[in-house]
Amino acid sequence: MATFAPQEDYYAILEVSSDATTEEIRQSYQELVRRYHPDSPKGNTYFFRKIRQAYQVLGEPSRRRAYDQQRRQRNSDSTLPFTWDTKLSRSTLPTLTTSQMLYTLVNIRPQSTEPVGKRLNLALVIDCSASMKGTPLHYVKMAALDVLKFMHPNDILAIIAFNDRARVLTPSTPARNRIAFSSALASLSSAGGTEIYQGLMAGLEQVRRYASDEYINHVLLLTDGRTYGDEDRAVFEAQQAYNQGIYISAFGIGEEWNDKFLDDLARAGGGISQYISSPSAVRKVLREQIQELNKSIAHKLRLHVKPADGVQLQSAYRAAPYMELLDRTLGNVLKLGRLVSEEPMAILLEFIVPPRQAGPWKLAQLELAAEDLGTGEKLITRQELKVNIASEVVNEPLPPQLFNYLSRINAFRLQENAWRALDAGDTKQATSLLEAAATQLFDMGYGELAQAAMLEVGYIARGGTSTGRGRKKLRYGTRSLSIPSIQQSRRGNHGN
Amino acid sequence: METKNRVICPSCGAENLPGTLFCVQCGTYLPSGGPLRTEPLPEQDGEETYIKPVPETMGKTTQRTMHLEIDILDTGRKAILSVEREILVGRLDTAHGIFPALDLTADGGLEQGVSRRHARFYTRDGTCFVEDLDSTNGTFLNGERLTPYLPYAVQDEDTIMFGTLHVKVHIYNE
C-alpha cells in the first residue's frame, strides 16, 4: 500500500487541477511518463519517481479522498485568522532545591481585518424594576432605539423587559422593522423587583429561535439592581448557552448591582461585564458593543495548558484586551471566548516549576482551539514551552511587554484580593491591600485610580465598609488598564 | 539551604518562590526575583524613567547648562555630559525602561556594585549636586557615604564612588 505525504502537491506534479476527473489525471500521467521516462531523451529519474508516486495516490479514488482531506486540514492551519506566540519570564532556569516561579505570556494576534459577513442575532434584556423609574429607563429606551440604527437591516433583535417576571416586548425580529421596536419600547414602564434569571431565560429563548452558525448570537443584559437566590441558576444557564454558541454580556448601571454576580455571569457566558456609572452613557456602551460584535473573527477560543509532570499551573489571567482572572472550572482548559479583529488578546500564565537537573526541558504544551467565524472551521494549533535548566544563574532581561502586563495584573489582583478580604470581613487586610494597590497604581501613573483606592481605605477605616461607586470604579477601572495605547478608547468605566 | 533560595518580601516579610516578580501577599515588586539578581529597583513602570525634581526654590533661579566631564578612573573612559535638568547614573536596563545618561555597564558596573538607578546629578543656581537614589552599595563623595535622596554639592575635581567604581568629576560652567 502506497503511503502519501500531504505536504506534497500531487496535483501540481501531475499538472492537473484539484477538481480533475480520474480520466484527466490518467491522461496527464501517461503524457508525463512518456516525457520524463529515464529511457527518453529528456528523461529524469527524480521527476519520474515523483510522478509515479503522485499517480499512485490520485489515480486511486479512495486514496485520493484521504489525501484531499489531509490537505484541507493542513491548509486550514496555514490560514489561521490569528497568529500566536509565547514569551517566558526566563528562558534559562537555575537548578535549585526548591520550586520556582515562571511567568508565560501568550499573545494571540488577530490577522484578518475583513468582516466575516455574519449577521447579528441579539436579545436586549432590560431591567425595568422600580429603581429604573424615570431618567434611567428613558436613557435605556433611547439607547435601544439607537442600537437599531447601528444594526444591519437583516440583523435580528429581540427586546425583553424584566422585573420579577419577564415580558417579551418584541420577539426576535429583523432590525429593519423599526416600527415594531419603537412602539414596543414606548410601552415600557418600570415597577417591581429584579429577577435576572427570568429576564435571562426569556432572552436566551428568543436568541435560540435564530441561533445558528449563520449568526453571531449574543444576549445583552442591562441591570441596575441585585437579584437574590437565582444567581447560581443564571450562571449555569449562561454556561449551557455558551456551549451552544450563544454568548452573554452584562452591563451594570449605577452602584447598586452585584458586580461579582455579573462578572461570573459574563465569564460563564463568554462575554464581558461592564460598569456604566451614569445612565446617559448606556447608549455609547451599547453602540461600542455592537461594533465590537461585528468585528468578531473567531469564537469558542480555548487554551488547553498541558504541563509536564510536576509542573503546576498556578493561575491564569487574561491580560488584554481587559483583565480578568480566568475561569478554572475546567482545570487547565481555559475558556477565552471571542477574538475580535484589531484587538490582540494576551493571557498570562503562572507556573510553579519543580526542581530539576540541568538540561533542556519541555515544560508544557499549549493547545489553542478556536472556531473561525467566517468559514466555520474548527482550528487547533499547538506550541511547546521549552526552557533550559542550567547549574549557574543566567541574567537575562525580562521581556518588557511581559513586565508591563504583569505590573498591571499585580495592581488588579491586589484590589481584587482587597474586595475579597472585605467581603470576608477582614477590614485590616482589605485596607492594607488597597493601600498596596494604590501605591502600584500611583507608580504606574494612574493617579486618579490610586486616589479612588485611598478614598475607599478611608471609608473602610471609618465605617468598615466601602462605597459601591468607589469599588466599581476601581474594579472596572483597573481591569481596563491592560494596554496603555487603547486605554482611552476602551475604558471599562463609562460616563463619569 | 532551602530558605536561602526563598525570596523574602522587603515590605511584608512573606516568603515567595524564586523567580516571583511581585510578592504574592502584598504585591511589592521583587526585582531580584530570587537568587538571580541583587539590587532593589524602585521603578515600577516599564516606560517611565523621569524622576521628580527637587522642589523649585522660590524666587528667581538661573538655570544654566553645565558641562561635566566624568573621568572613570577604573577604566580610563571619559564621558562628557551636559546637565540641563538632570542626568541619571546607573546601568542600562531596557526591559525596565531604565536609560541612564551615564551608563556604567561597560565600565564593569555590575561587578562594581552599580545599581541600575544609582544616583543623579543636577544643577541649581549654578551649583552641581549629586544625589544617591537609595542604591544598594551607596554613593561616596570624597570618601564619605551619602545619605540617600539628599543633595550634596559637587566641586570641580571631586572624587565620587558609585558602589566601588571611582570617577573624578570636572565641572565646566558655560
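Two strands pair if DSSP finds at least two bridges between them. Keep that in mind for the sheet pairings in a moment. Strands here are DSSP runs of E, at least two residues, and helices are runs of H or I, at least four residues; both are numbered from the N terminus.

Now, the ground rules. This is a predicted model, where local features need pLDDT of at least 70 and side-chain atom pairs count only at pLDDT 80 or more, while totals for chains, interfaces and linings use all residues. Residues are numbered from 1 along each chain as its sequence is written, chains are lettered from A and ligands numbered from 1 in the order in which they are written, and side-chain values use heavy atoms, with hydrogens and water left out.

Strands of chain A come next. Take β15(A), residues 359-372. It pairs with β16(A) in the antiparallel sense, over 12 bridges. Opposite A:Pro360 you find A:Asn388 of β16(A). Five residues lie between the two strands of this hairpin. There, A:Gly376 has a positive phi, near 75 degrees.

β16(A), residues 378-390, has another partner: β2(A), residues 92-94. Those two run parallel, joined by three bridges. A:Pro94 has A:Ala390 in β16(A) as its bridge partner.

Next, β8(A), residues 246-253. Five bridges tie it to β9(A), and the two run parallel. A:Ala250 faces A:Ser273 in β9(A). Is β9(A) buried or exposed? Seven of its seven residues, 270-276, are buried, meaning under 20% relative accessible area with a 1.4 Å probe, protein chains only.

On to the interface. Contact means heavy atoms within 4.5 Å. By that rule, chain A gives 28 residues and chain B gives 23. Together the chains bury about 2,400 Å², 56% of it on carbon and sulfur atoms. Buried area is the accessible area (1.4 Å probe) that two parts lose on being put together, summed over both. Which residues of chain A lose the most area to chain B? They are A:Thr98, A:Leu398 and A:Phe403, together 22% of what that side buries.

Which elements give two or more residues to chain A's side? β3 (100-110), α11 (400-423) and α12 (427-443). The largest share, eight residues, is from α11(A).

Conventions
Buried means under 20% relative accessible area, exposed over 50%, partly exposed in between (1.4 Å probe, protein chains only).
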